[in-house]
Amino acid sequence: MTMIVGYGSDERGKASLHLAAMLARSAHDNLIVCSVVPAPWVPGMARVDAEYQDYLAQSADQALERARSFLPGDVPTAYIRHSARSVPAGLLEIAEEHDARLIVLGSSSAGVFGHIALGSVTDRLLHSSHVSLALATRGFRCPVDGTVARVTAAFGGTESAEDLVLAAATISTDVGASLRIATFAVWSRPAYTTRLGTDSEDLVMDEWRAELDKSVTATLAQVKHLPEHPRAVETVVGSGPTWAEAIEDVGWDPGDVLVVGSSDLGPVARVFLGSRATKILRHSPVPVLVVPRSRAEELAGQATEN
């Protein structure tokens, strides 16, 4: 299989290379490093426009040479300069041409170090890609022989969330990692000066946790009955008054990646993040894999059929 990494010759470009190498090494996939340059608007350009196109092509080739020097030699890699009307369109064209299962991207340089920040390219792909996306945190680095150690699936208790967990189980099996099912409870206790009046909120939270336990148990049973299942499976609930604290509450280690799915309200065949997934993505301290709903259903089907 093949993974595409969109490369820019800046900080986020190096982060995407590190993540792509870790994912490809873990899954024994090939990599294609792609630098997209704008296509000329019309044939027969003026000389100054042709010179500008030559400059863009040379800059892309130099960026690819830098990428070649950064990537370790144990991952089979090809380097491509591609002309397209936009960077998102070019990456999708290359992904379709090579039947890639993943596009790897970096974060905006304007974001918080150690977290994911969406630039124009990632934001566009998060609303249009039919291919799964892997997003590196800003400044992400991994050892030269680094691999994925644990895949965490963000579980929301819906029917599509069950497919996402099965898809995450398939991914964790492919990369030889353990699987963790994580649910995030964002809940802030009202600022009462006494316990009077808080019982109803506690009852609601207890009922929510009970229903969640049922959903997680049912999904966990499906994972354990897969023909090929992860080497280890665990469940965890992260809670806190904010998304950042709830996500941090579950704990994260080097080699972790987080998997989230598309919103049930978006197009089936494309990535479209709902508000919950967007909050998780923005506060994640580890790289995030975003799986379109159709791809999650496909992976879940393959997992149960094999």
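Predicted model: local features only at pLDDT ≥ 70, side-chain atom pairs only at ≥ 80, totals over all residues.
Start with the strands. Ten of them make up an open sheet with mixed pairing, and the order runs β3-β2-β1-β4-β5-β10-β9-β6-β7-β8. The edges belong to β3 and β8 (233–240): each has a single partner strand, so one side of each has no neighbour in the sheet. From one strand to the next, the twist averages 25°.

For a look at one pairing, take β4 and β5 (residues 132–135), which run in the parallel sense and share four bridges. Here L102 sits opposite S132 of β5.

## Helices on the sheet

Helix α3 packs on the sheet, where it touches β1, β2, β3 and β4, and its direction is at about 130° to that of β3. The helix spans residues 87–97, and its buried residues are P88, A89, G90, L91, L92, I94 and A95. Their cover includes β1 (2–6), β2 (30–38), β3 (77–84), β4 (102–105) and also α4 (120–125).

Both ends of α3 are worth a look. At its start, a side-chain oxygen of S86 comes to within 3.2 Å of the backbone nitrogen of A89. After the helix comes D99, with a positive phi near 50°.

Then there's helix α8 (residues 275–283), which lies across β5, β6 (150–154), β7 (178–186), β9 (256–261) and β10 (288–291). Relative to β9, α8 runs at about 165°.

## Salt bridges

Side chains of opposite charge can pair when their charged atoms come close. In this model, the count comes to eight salt bridges.

One of them joins the side chains of D74 and R25, at 2.7 Å from N to O. These two are 49 residues apart and link distant parts of the chain: D74 is in the loop between α2 (47–70) and β3, while R25 is in helix α1 (residues 11–27). D74 is partly exposed at 46% relative accessible area, whereas R25, at 11%, counts as buried.

D61 and R81 form another, at 2.8 Å from N to O. D61 is partly exposed at 32%, and R81 is partly exposed at 41%.

D174 and R101 also meet, at 3.3 Å from N to O. D174 is in helix α5 (residues 159–175) and R101 is in the loop between α3 and β4, 73 residues apart. D174 is partly exposed, at 36%.

How values were computed:
Residues numbered from 1 in each chain as written. Heavy atoms only, no water. Buried < 20%, exposed > 50% of the residue type's maximum accessible area, 1.4 Å probe, protein only. Contact = heavy atoms within 4.5 Å. Polar contact = N/O pair within 3.5 Å; in protein donor to acceptor, adjacent residues only side chain to side chain. Pairing = 2+ DSSP bridges. Axes fitted to C-alpha atoms, helices over the stretch in contact; angles between N-to-C directions. Salt bridge = Lys/Arg side-chain N within 4 Å of Asp/Glu carboxyl O.
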